[in-house]
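Open your viewer and get ready to click. This short tour tells you what to select at each stop and what is there.

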Amino acid sequence: MGYLKDERPQTMGVDGEWQVGAYHWKANLILDEFVQGFKEKKIIGGLCTGCGRTIVPPRMICGRCHQRITERRVVSQIGTITCFIISPPVEKGKYRLFGLDPVETGALKEGEVLIPVFVRFDGADSNYATLLLNADPEKVHIGMRVKAVWVENPQGRLDDLIGVEPIEK
């Protein structure tokens with residue numbers, strides 16, 4: 001059986017509009033360890049001693065072998081895009097993010113294009129969801145190599161890792 005990329009060499013696009021609402025994420029001590037690593041610009045994964053996978057962000061239980069994950073491993077800040085979406089240009093009054101218009105709040109500029117991506121950091125066996133920054137939407141592709149982009153003075157918060165950007169070749 002061949003790879004899907006052999007059958008479909010071009011990236012497939014799907015047009016549509018998605019309304020993103022608010023969500024709630026229950027944090028635990030493991031997530032706190034992960035975020036505290038951001039203070040030192042480190043990406044910490046959970047190492048499963050049962051199957052050897054490193055999961056970013058760490059989890060309490062391995063989804064593959066169901067072992068408790070207690071060990072940690074620092075993974076690379078360089079990774080590979082495994083999935084992405086290119087948004088249409090943001091328009092004032094058209095979208096709501098957490099109940100607010102992102103253009104009115106100043107979070108986004110009108111006409112800005114967002115590129116949410118899944119990245120598999122080198123040394124990890126799972127994907128991390130973040131934004132692709134400083135990239136030409138026409139040149140984004142699966143397999144693109146990227147590096148982490150951090151805030152200037154990390155505080156140990158989830159938003160210390162701003163996103164990823166392409167590695168210049």
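**Stop 1: Glu165**

Select Glu165. Leaving out residues up to four places away in sequence, Glu165 touches Leu132, Leu133, Asn134, Arg145, Val146, Lys147 and Val149. A contact here means heavy atoms within 4.5 Å. Now show the side chains of Glu165 and Asn134. They make a polar contact of 2.7 Å. A polar contact is a pair of N or O atoms within 3.5 Å; within protein, one must be able to donate a hydrogen and the other to accept it, and residues adjacent in sequence count only if both atoms are side-chain atoms.

A word on the model before you move on. It is predicted: local features need pLDDT of at least 70, side-chain atom pairs count only at pLDDT 80 or more, and totals for chains, interfaces and linings use all residues. Residues are numbered from 1 along each chain as its sequence is written, and side-chain values use heavy atoms, with hydrogens and water left out.

**Stop 2**

Which strand holds Glu165? Select residues 161–166: this is strand S8, and Glu165 is found there. Helices (H or I, at least four residues) and strands (E, at least two) are DSSP runs, numbered from the N terminus.

S7 and S8 run antiparallel, joined by 5 bridges. Click Ala148, then its bridge partner in S8, Val164.

Strands pair if DSSP finds at least two bridges between them. Click Ile78 and find its partner in S7, Lys147.

**Stop 3: Thr54**

Select Thr54, in strand S2 (residues 54–55). Is Thr54 buried or exposed? Thr54 counts as buried because its relative accessibility is 0%. Buried means under 20% relative accessible area, exposed over 50%, and partly exposed in between (1.4 Å probe, protein chains only).

Show the side chain of Arg73. A polar contact of 3.1 Å joins it to the side chain of Thr54. Not counting residues up to four places away in sequence, Thr54 also touches others, including Gly45, Leu47, Val75 and Asp125.

**Stop 4: the whole chain**

Zoom out and colour by secondary structure. How many helices and strands are there in the chain? There are 3 helices and 8 strands. Follow them along the sequence: α-α-β-β-β-β-α-β-β-β-β. The chain has 169 residues, and 32% of them count as buried.
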